[in-house]
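Me: I would like to learn how to read a protein model. Could we take one feature at a time?

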Amino acid sequence: MILAFYVLVLLALAANAPLSVWDPAAREFLVILGMVGAWRYSWNLVHFGRALVYRRLVFPRWRAAVDRLVAAHAAGEGGPDPCPSEVYCVVTSYRIQAETTAACYQALLDELLRYGRPAVVVASIVEMADERLIKRLFQTRRLPPHIRLALVRLPPAGKRLALATALRTVSRLRPASDAAVLVMDGDAVLTPGTLERSLPLLSLVPRLGGLTTDEDAVVANGPLLTAWHRLRFAQRHMLMSSLGLSKRLLTLTGRMSVFRVEVATAPAFIAMVAEDELDHWRLGRIPLLTGEDKSTWLWLLERGYEMVYVPDVRILTIEHPPARGFVNASTQLMLRWFGNMLRASGRAIALGPRRVGLFLWWCLIDQRVSIWTPLIGPIVILIGSVSYSPILLYVYVMWVMLTRLVQTLGLLSVRDHLDGRWPLLIYYNQVYGALLKSFILFRLDRQRWTRQQITLRPALDPHAARWRDIGSAYVHGLALVSLVCGLAFVSGVLTVPRVVTLAGLF
């Protein structure tokens with residue numbers, strides 16, 4: 001219904017558009033808008049095509065090969081078992097609602113029973129209430145002896161320490177050489193068949209270091225936040241499918257990823273999870289508080305491991321907004337996500353296209369470029385509306401509504417249902433998200449865990465911290481002013497005089 005109303009509004013705007021929208025005096029602005037749009041949407045089309053190839057042609061062949069291996073072993077026709085003989089499930093949680101924790105562990109135990117092989121659940125927790133709840137779940141289920149529980153309790157010092165300690169626990173349990181290590185958050189819910197459809201892929205791809213799956217969201221409250229989260233996961237599904245064609249991904253999400261045991265228990269891997277840092281030319285050395293999934297991803301990239309995206313397995317994440325109100329909640333989440341992205345992408349770009357892979361390397365470059373390109377349209381139209389005619393705003397509204405509708409319809413290739421809020425949310429993510437990216441790009445030292453209320457900034461005296469903030473604001477403002485001035489020159493609003501008369505000097 002919302003989408004139908006959206007289309008009707010767009011048609012009404014088009015039907016009542018004044019003829020002056022095609023005023024030749026304003027064509028410079030339309031040409032700039034069209035050129036940037038053609039570039040961005042052609043890149044989106046590349047991802048769309050690659051995602052279709054991966055999900056319709058390439059991955060089905062991998063799935064068929066895995067199914068043949070599993071069937072042959074089950075029939076006793078020889079060959080090694082493609083399924084890992086053991087699975088270690090590391091679950092990290094902190095102050096998650098009891099209903100969410102129970103749903104997470106119940107689904108996990110169902111999957112372990114279905115998988116039927118030895119398993120250890122390593123629960124990394126902080127509070128005694130979580131320990132009592134998890135123990136009660138294991139006791140009431142009356143699980144077979146091949147499913148065990150290992151509890152790790154730590155002070156609330158962030159997810160990095162919790163995850164690293166849990167991985168060290170896995171290492172001390174002496175896992176089998178073919179074991180798999182599943183890392184997940186305490187608000188993720190595995191769907192039936194997750195393990196038996198994901199874990200055998202480790203035997204199919206010899207250099208596979210880790211894999212991750214499709215996701216969808218269940219939001220605790222708010223229809224707008226629900227639509228926003230589901231849009232994000234739909235776009236993620238398309239992007240990850242495109243990258244899956246290269247066996248390189250942009251992240252191995254902490255919500256649910258699987259690693260080879262040789263990777264997950266490597267001392268260097270665990271050390272990078274526990275303590276990672278970034279050297280910045282202006283901000284100095286920045287210890288990384290969040291983004292442990294980016295650290296694990298970078299570790300695999302540096303060592304040439306391949307990564308696989310499993311598009312036919314979907315997990316659910318139960319989202320609890322970190323703040324009241326859509327704008328406040330989405331802002332806090334995007335600041336954390338974009339901060340993690342920008343702190344990791346620079347180091348990955350420095351590895352070069354040979355080590356990273358040309359397509360992924362260019363995607364990382366495009367992440368940096370896309371900080372600025374979504375701002376070009378609004379800036380150019382505002383300049384044109386002031387300099388020439390406000391009718392350009394009319395043109396821009398129609399352009400935005402049409403192009404975001406096309407982008408939304410493209411998501412039908414990855415989702416069965418479209419939300420009428422998605423076109424406007426796409427624009428919100430692009431423009432407001434670009435502003436947040438530009439903000440955090442010059443303030444990479446600002447980090448915050450939304451749930452644990454842990455913040456991290458390098459230890460500085462108040463005077464030095466004040467000057468650092470002033471410097472960050474200065475270079476950020478300089479970048480934005482340069483963008484506006486550059487667009488004003490390109491559009492012809494500002495010009496450099498050909499002859500400069502120095503009156504009074506000669």
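Reply: A salt bridge is a side-chain nitrogen of Lys or Arg within 4 Å of a carboxyl oxygen of Asp or Glu. This is a predicted model, where local features need pLDDT of at least 70, side-chain atom pairs count only at pLDDT 80 or more, and totals for chains, interfaces and linings use all residues. Residues are numbered from 1 along each chain as its sequence is written, and side-chain values use heavy atoms, with hydrogens and water left out.

Me: How many salt bridges does a search of the whole structure find?

Reply: The search finds 25. In one of them, lysine 159 pairs with glutamate 292, with the closest N and O atoms 2.9 Å apart. Lysine 159 lies in helix α5 and glutamate 292 in helix α11, so the pair ties together parts that are 133 residues apart in sequence. Helices here are DSSP runs (H or I, at least four residues), as are strands (E, at least two), numbered from the N terminus.

Me: Is lysine 159 buried or exposed?

Reply: Buried means under 20% relative accessible area, exposed over 50%, partly exposed in between (1.4 Å probe, protein chains only). Lysine 159 has 10%, so it counts as buried. Glutamate 292 is buried too, at 5%.

Me: What span should helix α3 have?

Reply: The expected span is 1.5 Å times one less than the number of residues. For the 18 residues of α3 (residues 98-115) that gives 26 Å, and the end C-alpha atoms are 26 Å apart, which agrees. Buried residues in α3 include Thr100, Cys104 and Leu108. Glycine 116 follows α3, with a positive phi near 80 degrees.
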